[in-house]
Amino acid sequence: MEQVSNLLFWISNGLLVPVIVGLLFFFLKSVLLLGGFAGQYLQHAKRDKQLQQRMKALTADRLAPFAAELKELPESLFTGTAGQLLEAPGEAARNRTLSEYEITADAELGKYKLLVKFGPILGLMGTLIPMGPALAGLSSGDISSMAYNMQVAFATTVLGLFAGAVGFVLLQVKQRWFTTDLVYLDYLAALAQEKGKTSPRASSLLTAKMIAE
């Protein structure tokens with residue numbers, strides 16, 4: 001039994017370096033995402049204010065002028081998808097365009113979900129691994145060793161929680177943006193189908209999933 005305990009102890013201690021490297025990677029990733037989000041937020045706020053006014057007055061007869069107005073907006077995933085929707089030759093092409101948007105949006109949200117899940121997980125691992133050597137140092141009276149390991153444990157906890165918190169906040173905001181954009185795109189698809197005298201597309205499953213989350 002002692003040999004098994006020693007084996008587990010060596011394995012857990014061997015994981016400390018990969019855990020710290022992973023935490024540093026997620027910390028840097030969260031900082032970069034947070035820095036890029038500031039510009040995206042300002043751009044999206046400006047675009048959404050203009051878009052809301054145009055969508056309220058939009059009808060099937062005004063789709064052609066609206067397509068020209070889209071080019072005045074900053075280039076984004078939404079404007080590109082909306083342009084493809086309005087140029088789509090039929091219902092099948094519009095459904096494919098909307099599905100491709102959903103896949104791209106889900107991949108974008110995946111970056112933030114990764115931070116939310118793995119940041120705290122690695123932080124907890126980085127907290128628990130040094131606790132063993134810290135307790136061993138305490139029992140042997142080696143206070144300096146115990147203090148060092150406790151310092152590592154607290155530092156990894158902070159990094160993991162920071163990465164998870166940044167990922168959670170950005171995930172909530174991005175999720176709301178994509179949900180709103182999907183509502184607009186579904187409305188554009190319905191207007192295009194109405195103009196073409198086809199049956200409207202069913203509401204997006206990803207929209208319902210995002211709202212439920």
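Colleague: At what angle do α2 and α7 pack, and how far apart are their axes?

Modeller: In this predicted model, the angle between α2 and α7 is about 30 degrees, and their axes lie 8 Å apart.

Colleague: How should I read that angle: is α2 roughly parallel or roughly perpendicular to α7?

Modeller: Angles under 35 degrees count as roughly parallel. That is why α2 is described as roughly parallel to α7. The crossing of α2 past α7 is left-handed. As for what meets there, the contact of α2 with α7 has 24 nonpolar residues, along with 7 polar and 4 charged ones.

Colleague: Which residues lie nearest the centre of the largest pocket?

Modeller: Those are H44, S76, L77, K174 and W177, out of 16 lining residues. The elements giving two or more residues to this lining are α2 (16-56), α4 (77-87), α5 (91-128) and α7 (143-195). By class, the lining of the largest pocket divides into 6 nonpolar, 5 polar and 5 charged residues.

Colleague: And which residues line the second largest pocket?

Modeller: Its lining includes A67, L70, K71, T79 and E87, around a space of about 160 Å³. Both α3 (63-70) and α4 give two or more residues to the lining of the second largest pocket, and α4 gives the most, with 5. That lining has 4 nonpolar, 3 polar and 2 charged residues.

Technical notes:
Residues numbered from 1 in each chain as written. Predicted model: local features only at pLDDT ≥ 70, side-chain atom pairs only at ≥ 80, totals over all residues. Heavy atoms only, no water. 1 Å grid on protein atoms, 1.4 Å probe; cavity = no way out; pocket = protein on both sides within 12 Å on 5 of 7 lines; lining within 4 Å. Helix = DSSP H or I, 4+ residues; strand = E, 2+ residues; numbered from the N terminus. Nonpolar A, V, L, I, M, F, W, Y, C, P; charged D, E, K, R; others polar. Points joined across faces, edges and corners; volume = space filled by probe spheres on them. Axes fitted to C-alpha atoms, helices over the stretch in contact; angles between N-to-C directions. Parallel < 35°, antiparallel > 145°, perpendicular 65-115°, else oblique. Left-handed = near helix turned anticlockwise from the far one by under 90°.
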